[in-house]
Amino acid sequence: MDCKCLPGCPFFNDRMDSMPSTANIMKKKYCQGSFESCARFMIFSKLGKPAVPTDLFPNEVEKAKSIIG
Ligand code: SF4
C-alpha cells in the first residue's frame, strides 16, 4: 500500500540533499509497502509534519524513536 505522505515526501521525490544508493529499494520497501515502519512516517504520525527532520531516512528508526521520546 502506498504511504499517504508520498506526494509531498522529500525522500520519495528525491528532494533530500543526499540520497542513499539504496533509495529505490527503500521506496519499494517503505513508501510503497510498510510505510508504518518508516522513520519519517513514525514522526509524522505522532508529532506532525513539521517535526520530521529534513535529512531523516526511512530506515533511521532509532533516530525517530529518540525524537518521539
Ligand atoms: S514511507 Fe516514509 S519516506 Fe516514504 S513517502 Fe512515506 S513518509 Fe515519505
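Tutor: With the elements: helices here are DSSP runs of H or I with at least four residues, numbered from the N terminus. The model is predicted. With that numbering, helix 2 supplies the largest share of the shell around the ligand, 3 residues.

Student: Which helices does each supply at least two residues of the shell around the ligand?

Tutor: Helix 1, residues 23–31, and helix 2, residues 39–47, both reach that number. The ligand is surrounded by 14 residues, and the closest are C3, C9, C31, F35 and C38.

Student: What is the secondary structure of the protein as a whole?

Tutor: The protein has 3 helices and 0 strands, and along the sequence the pattern reads α-α-α. Its radius of gyration is 11 Å, close to the 11 Å from the globule rule for 69 residues, so the protein is as compact as a globular protein of that length. The C-alpha trace spans about 30 × 25 × 20 Å along its principal axes.

Student: How do I read the contacts along the chain?

Tutor: Look at sequence separation. Of the contacts in the protein with a separation of 6 or more, 50% are between residues 24 or more positions apart.

Student: What is the general idea behind a nonpolar core?

Tutor: In soluble globular proteins, nonpolar side chains tend to be buried together. In this protein, buried residues make up 28% of the 69 residues. The largest nonpolar core has 17 residues, and F35, C38, A39, F41, M42 and I43 have the most contacts inside it. Helix 1 and helix 2 are the elements that give two or more residues to this core. Helix 2 gives the most, with 5 residues.

Student: Which residues of helix 2 are buried?

Tutor: They are A39, R40, F41, M42, I43 and F44. Helix 3, residues 61–68, is included in what covers them. Just after helix 2, G48 has a positive phi of about 95°.

Student: Why does A39 count as buried?

Tutor: The cut-off for a buried residue is 20 or more other C-beta atoms within 10 Å. A39 has 23 within that distance, so A39 is buried. Leaving out residues up to four places away in sequence, A39 touches L56, F57, P58, N59, E60, V61, K63 and A64. The C-alpha atoms of A39 and N24 are separated by 16 Å, with the two residues 15 apart along the chain.

Student: Which residues is C38 in contact with, leaving aside neighbours within four places in sequence?

Tutor: C38 is in contact with C3, Y30 and P58. C38 is also one of the closest residues to the ligand, and it is among those with the most contacts inside the largest nonpolar core.

Student: Is K28 buried or exposed?

Tutor: K28 lies in helix 1. It counts as exposed because it has 10 C-beta neighbours inside 10 Å. K28 and I68 are 40 residues apart in sequence, and their C-alpha atoms are 25 Å apart in space.

Student: What is the phi of D14?

Tutor: Phi of D14 is near 55°, a positive value in a residue other than glycine. D14 lies in the segment before helix 1. With 9 C-beta neighbours inside 10 Å, D14 counts as exposed.

Note on methods: Residues are numbered from 1 along each chain as its sequence is written. This is a predicted model: local features need pLDDT of at least 70, side-chain atom pairs count only at pLDDT 80 or more; totals for chains, interfaces and linings use all residues. A residue is near a molecule or strand if its C-beta atom, placed from the backbone, lies within 6 Å of it. A nonpolar core is a set of buried Ala, Val, Leu, Ile, Met, Phe, Trp, Tyr and Cys residues joined through C-beta atoms within 7 Å. A residue is buried if 20 or more other C-beta atoms lie within 10 Å of its own, exposed if 12 or fewer, and partly exposed in between; C-beta atoms are placed from the backbone. Two residues are in contact if their C-beta atoms, placed from the backbone, lie within 7 Å. The radius of gyration is taken over C-alpha atoms; the globule rule is 2.2 Å times the number of residues to the power 0.38.
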